[in-house]
Amino acid sequence: MADKIAFAFRLYDLRGTGSIEREELKEMVLAILNESDLLLSDDAVEQIVDQTFKQADLNSDGRIDPDEWKEFASKNPALLKNMTLPYLKDITMSFPSFVVYSGAGDEEL
C-alpha cells in the first residue's frame, strides 16, 4: 500500500517539485474526467480541487506534501483502487508524460 501511495503521489506531482500544487491536481482531475468521458463544469472541477485541498493540505500552505498525501490516501482508499499493474500500464500508454521511471524493465512487468 505504501508503494501505491508513493506512486500515486509521483503521478500527481507533475512538475516533480516534491509537493502537489493546485494546478497539478486540477490537471490530473481534468485528465481523469477526460479519460472517463465525464464532463463537469469549471465550477465543479474547482470544487473538487478545493475540497481535496481542504481535506489534504493539513498545514494550509497551498501544497500537499508526501506526508499529507499519505494521510489523505489512507483515509480515501478509493484513490488507489485502480493502482494495479495492468491499470498503471494503461495510464502510462495513455499519458506518456506521467511516466515515472522505476528502473524495471518491460520483462519484469
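User: What makes the largest nonpolar core a core, and which residues have the most contacts inside it?

Analyst: Happy to walk through it. In this predicted model, the largest nonpolar core has 20 residues, and Tyr12, Ile20, Leu25, Ile64 and Trp69 have the most contacts inside it. The name applies because such a set holds buried residues of kinds such as Ile, Leu, Trp and Tyr, joined through side-chain atoms within 4.5 Å.

User: Which elements give two or more residues to this core?

Analyst: Helices H1 (2-12), H2 (22-35), H3 (42-56) and H4 (66-75) do. The largest share, six residues, comes from H1.

User: What does Ile64 touch, leaving out residues up to four places away in sequence?

Analyst: Its partners are Phe9, Ser19, Ile20, Phe53, Ala56, Asp57 and Trp69.

User: Why is Thr52 called buried?

Analyst: Thr52 has a relative accessible area of 13%. The cut-off for buried is under 20%, so Thr52, at 13%, counts as buried. Its place is in helix H3, and Thr52 touches Leu25, Asp57 and Phe72, not counting residues up to four places away in sequence.

User: What makes the pair of Thr52 and Ile48 a polar contact?

Analyst: A polar atom of the Thr52 side chain lies 2.8 Å from the backbone oxygen of Ile48. The limit is 3.5 Å, so a distance of 2.8 Å falls within it.

User: Where does the UniProt record place "domain: EF-hand"?

Analyst: The unreviewed UniProt entry puts that annotation on residues 1-35 and 44-79. Residues 1-35 are 71% helix and 6% strand, with end C-alpha atoms 24 Å apart. Residues 44-79 are 64% helix and 6% strand, with end C-alpha atoms 18 Å apart.

Methods. Residues numbered from 1 in each chain as written. Predicted model: local features only at pLDDT ≥ 70, side-chain atom pairs only at ≥ 80, totals over all residues. Heavy atoms only, no water. Buried < 20%, exposed > 50% of the residue type's maximum accessible area, 1.4 Å probe, protein only. Helix = DSSP H or I, 4+ residues; strand = E, 2+ residues; numbered from the N terminus. Contact = heavy atoms within 4.5 Å. UniProt positions renumbered as here; feature names shortened; annotations may be inferred. Polar contact = N/O pair within 3.5 Å; in protein donor to acceptor, adjacent residues only side chain to side chain.
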